[in-house]
Amino acid sequence: TVYIHIPVFKSGVAEQVRQIEGLKALRLLARRSQEQIAQSLGVKQPSVLKIERQTDLYLSTLRRFVEAAGGKLELRVELPGADPISLTGLGVLHDKA
C-alpha cells in the first residue's frame with residue numbers, strides 16, 4: 001500500500017492522506033503512462049511493468065518510481081504511545097567517492 005499526501009485547502013491548510021493499492025494505481029492517479037515513467041527512469045516500458053508487479057522493492061526503486069510520477073516519497077513510522085515520525089535519508093542512493 002502506498003500512502004500519498006495530498007494538500008487540502010479548506011479553512012486553513014490541512015493534509016489529507018489517501019491510501020492506494022500498488023504502483024500501477026499510483027501511476028494512474030498521477031495520470032502518467034508506463035512509457036512516461038520509463039522515460040523518466042531511463043528504462044524501457046517493460047521494466048516499468050515489472051516494477052509495478054513487484055511486491056518487494058528496494059526503497060531506492062520505490063523513491064525513483066514515485067518521483068517519476070511527480071510525487072515525493074515519505075516514510076512514516078507509528079510506534080505505540082508515540083507521535084508518528086518521518087524517516088529521512090532512506091532509499092537515497094549516494095555516489096561512491
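Modeller: Let's start where helix H1 is followed by arginine 31, whose phi is positive, near 55°. Helices here are DSSP runs of H or I with at least four residues, strands are runs of E with at least two, and both are numbered from the N terminus. Please keep in mind that this is a predicted model, in which local features need pLDDT of at least 70 and side-chain atom pairs count only at pLDDT 80 or more, while totals for chains, interfaces and linings use all residues. Residues are numbered from 1 along each chain as its sequence is written, and side-chain values use heavy atoms, with hydrogens and water left out.

H1 itself spans residues 22–29, and Leu23, Leu26 and Arg27 are buried in it. Buried means under 20% relative accessible area, with exposed over 50% and partly exposed in between, using a 1.4 Å probe and protein chains only. These three residues cover an arc of only 100° around the axis, which puts them on the same side of H1. That arc is taken from the directions that run from the helix axis to the C-beta atoms.

Helix H2 (residues 34–41) packs against helix H3 (residues 45–53) at an angle of about 100°, with the axes 8 Å apart. The axes are lines fitted to C-alpha atoms over the stretch in contact, and angles run from 0 to 180 degrees between N-to-C directions. H2 and H3 are therefore roughly perpendicular to each other, a label for angles of 65 to 115 degrees; under 35 is roughly parallel, over 145 roughly antiparallel, and the rest oblique.

From H2, the residues Gln34, Glu35, Ile37, Ala38 and Leu41 meet Gln45, Val48, Leu49, Ile51 and Glu52 of H3. Contact means heavy atoms within 4.5 Å.

Within H3 sits valine 48, which is buried, with a relative accessible area of 0%. Leaving aside neighbours within four places in sequence, valine 48 is in contact with Gln34, Ile37, Ala38, Leu41, Val43 and Phe65.

Stepping back, the chain has four helices and four strands, in the order β-β-α-α-α-α-β-β along the sequence. Buried residues make up 24% of its 97 residues.
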